Every structure is written in C-alpha cells, then in structure tokens.
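Reader: Could you walk me through this one, with the cut-offs spelled out as you go?
Author: Gladly, here it is.

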There are 2 protein chains.
Amino acid sequence: MKILIIGGNGTIGKKVSSHFSENHEVLIAGRSAGDYIVDLTDIESIRKLLAAIPSLDSIICIAGEAKWDDFKDLSEEDYYIGIKSKLMGQVNLVRVGQDYLKSKGSITLSTGILADDPVVKTTSAAMVNGALHSFVKAVALEIENELRVNVVSLGVVEDAYKKYKHFFPGHNPISMKKAVNAYVRSVEGKGNGEIIRIYE
Amino acid sequence: MKILIIGGNGTIGKKVSSHFSENHEVLIAGRSAGDYIVDLTDIESIRKLLAAIPSLDSIICIAGEAKWDDFKDLSEEDYYIGIKSKLMGQVNLVRVGQDYLKSKGSITLSTGILADDPVVKTTSAAMVNGALHSFVKAVALEIENELRVNVVSLGVVEDAYKKYKHFFPGHNPISMKKAVNAYVRSVEGKGNGEIIRIYE
C-alpha cells in the first residue's frame with residue numbers, strides 16, 4: 001500500500017510511520033518538514049498535497065492543533081484555532097481525500113481521550129475532538145467509492161506522558177505499541193465509521 | 001426562578017416555555033420574535049441580551065442552526081453555518097452567561113441524537129452536536145460561581161416527527177412530555193456537565 005502520513009514526524013507519527021514503513025510505501029507530510037509540506041488550515045494546501053501523490057491507498061492524519069487554556073481565558077478566536085486546524089483541517093482532508101484516494105482506500109483521523117474524558121484547560125480541545133467523533137460516524141454513512149473513514153482516539157501516550165502528565169491526573173499512559181496498533185486496525189482492518197478508543 | 005429561554009417560540013421551545021411558565025418567570029428570546037431578539041452568531045448580541053436581564057437564574061437555549069445536505073454537496077462555508085450558530089453560539093452563551101447568571105444558576109444547551117446516531121445529510125449537524133457534548137463535559141470542570149452547565153440531546157420529537165421522519169428511518173419519536181422533562185431535569189436538578197440523552 002501507498003500510505004500518506006500527515007504529522008508523520010510527530011511524537012506518535014514517527015512510531016506509526018516507522019511501523020508502516022516495514023511493509024508499505026510511506027510518505028510523510030508535515031507543517032515544516034517531511035516529504036511534503038502541508039498547512040491543514042488551508043484546503044488549497046491539502047488539495048495540492050493530494051494532487052501531487054497519485055495512487056494513494058491510505059491517508060493517516062496525526063496532526064492539527066487546538067488551544068489549551070483555562071475556560072475563563074479562552075477567547076472566541078482561540079476556539080477558532082482548533083476549529084480551523086484540528087477540526088476543519090481533518091474534515092477537509094476527508095472532503096478532498098475522497099476525490100484522490102484509490103477505491104477501497106481509507107482515511108484515519110486523530111482525536112484523543114479529551115472528547116470523552118476532558119481535563120482542565122480543554123474546553124476547546126475536547127470540543128474539537130468530540131466534533132470529529134460524530135463527524136466520522138456521519139460521514140461513514142455517505143462516503144462513496146468503498147472508502148473507509150475512522151478516527152483514532154488515544155489516551156496520553158507513553159512518549160508524551162512525562163511532558164503532559166500534570167494535565168492528566170491519574171490517567172494511565174498508553175504504550176506506543178498500542179498506539180501504533182490503533183492505526184493498524186484502521187488502515188489494515190475493514191472498519192468504517194469507527195471511533196477506535198484506546199484508553200487505559 | 002427567572003428563566004430565559006432562547007428559542008422559546010420554536011417547536012420544542014414553546015412546550016418548554018409553557019411548562020416552566022406554570023411555576024417560574026419565563027422570558028423568551030428569539031431570532032425574530034419574543035420578549036427579546038438575539039442573534040446567536042454574534043457574541044455582542046448575546047452580551048446585550050444578558051445585560052438587559054438582571055437576576056437571571058437559568059438560561060435554556062433551544063436554538064441554533066446547522067446546514068443539512070449530502071456530504072458531497074456541503075461546502076466548507078456550509079460547515080461554518082453550524083460552527084458559528086449552533087456550536088459557537090452556544091459556547092459563547094456559556095462564556096457570556098457565566099458573567100451574568102446568579103450564583104448557583106444553570107445553563108442548558110441543546111443538541112440532538114445525531115451526535116450519537118447520525119443519519120444521511122448530517123455530517124455538519126452531527127459534528128456540531130458532538131462538539132457540544134464534549135464541550136459541556138469539559139466546561140463543567142471549570143465553571144465557577146457554582147453554576148451548572150448541561151446539554152439536552154433529544155431524538156426526533158413528536159411535534160416534528162411528521163416533517164422529519166423520512167430523514168430518520170426507523171427512529172421512534174420522543175413525546176413532548178419527555179422532551180420537556182429533559183429540560184426540567186437540567187434546570188431543577190443538580191447535575192453539572194450532564195449530557196441528558198432522551199432516545200427511544
């Protein structure tokens with residue numbers, strides 16, 4: 001398979017890329033580094049990226065940002081950071097991706113445990129994640145060409161645990177092997193419209 | 001209690017308003033009719049509304065729109081109709097409302113079954129509803145002044161069933177009594193961060 005991994009150089013992305021590279025052709029796109037540069041907040045940038053890669057079987061997105069801050073400090077504009085990047089960036093990836101992927105291809109988006117189990121400072125981040133869960137369920141009813149769309153929702157992963165654990169009191173880290181397997185399940189399984197939750 | 005019902009003249013809103021009027025002081029706001037006019041897409045309009053009503057105990061919002069259309073026909077701008085109205089309109093209502101409500105007051109938002117169980121043409125509407133479910137869980141962790149924030153998520157209600165049933169094959173209508181009770185549970189109960197799902 002030819003697999004495009006957006007955010008393939010990130011904390012989770014590099015483990016996912018490394019795994020799929022063992023048996024597949026992997027191309028990496030990133031905001032500032034990779035085989036391709038892409039700006040998720042700009043649909044034309046997404047379109048250019050996908051137009052440049054013929055015969056693509058799968059897209060994995062492990063990218064997109066949202067602003068973390070106390071509820072009383074988040075401005076309306078702050079909410080739109082997550083809406084334009086992590087939310088509509090990934091929605092647009094499906095909108096554009098359906099025209100470029102090979103039949104029976106798959107698109108795997110990424111959210112996180114905040115959708116179901118938020119912590120302080122995440123009214124914006126949780127909102128965006130929850131939006132994507134419902135979007136994926138809805139788009140699976142309509143996506144054509146036998147394409148599949150799933151979303152991976154991980155708890156805090158082991159490789160980011162040290163940096164983020166004070167935001168997640170009592171949360172148990174997810175091993176990188178389980179994190180990678182969630183993406184394998186989406187790409188190599190046959191599920192469509194699945195929210196692949198990996199929480200411990 | 002003094003209760004403001006935004007959308008209090010709508011299909012569900014008028015039943016909710018009528019019920020609460022039996023024992024409470026109810027004020028109705030709407031896009032084009034009511035005791036007050038408000039544009040949910042404009043935070044300044046929300047601020048003006050709340051500034052005009054002193055000593056408010058509860059806000060109920062049964063308003064906000066999102067575009068319904070086939071996934072392949074929804075434009076990026078179409079998604080932003082729901083984002084600006086039903087999603088950020090209700091988020092902004094909580095953001096502004098926290099400054100105007102009396103201590104121990106409540107804010108009740110509205111979504112719908114699409115968040116959990118979407119149908120065709122609802123990638124945008126489902127997305128917005130799912131976003132609000134996660135937002136409410138997150139904001140309940142941080143809201144101050146002993147305020148409570150809940151969201152009511154109804155299946156297709158009896159009074160709208162005839163008009164919408166062809167979009168919801170096999171769905172069972174929710175009685176208006178159960179619909180009203182969902183709002184009563186939020187306003188008169190003590191729950192915070194609850195997603196009050198009424199599906200049959």
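**Chain B, piece by piece**

Author: Asp78(B) has its place in helix α3 of chain B, where helices (H or I, at least four residues) and strands (E, at least two) are DSSP runs numbered from the N terminus. This is a predicted model, in which local features need pLDDT of at least 70 and side-chain atom pairs count only at pLDDT 80 or more, while totals for chains, interfaces and linings use all residues. Residues are numbered from 1 along each chain as its sequence is written, chains are lettered from A and ligands numbered from 1 in the order in which they are written, and side-chain values use heavy atoms, leaving out hydrogens and water.

Reader: Is Asp78(B) buried or exposed?
Author: Asp78(B) is buried, at a relative accessible area of 11%; buried means under 20%, exposed over 50% and partly exposed in between, with a 1.4 Å probe and protein chains only.

Reader: And what does Asp78(B) touch?
Author: Leaving aside residues up to four places away in sequence, Asp78(B) touches Lys67(B), Asp73(B) and Ser124(B), contact being heavy atoms within 4.5 Å.

Reader: Switching to the sheet, what is the strand order in chain B?
Author: The open sheet has 7 strands in the order β3-β2-β1-β4-β5-β6-β7, with parallel pairing; two strands pair if DSSP finds at least two bridges between them. β3 and β7 (195–198) of chain B stand at the edges with a single partner strand each, so one side of each has no neighbour in the sheet.

Reader: Which residue stands opposite Tyr36(B)?
Author: That is Ala29(B), with Tyr36(B) lying in β3(B), and 2 bridges join β2(B) to β3(B).
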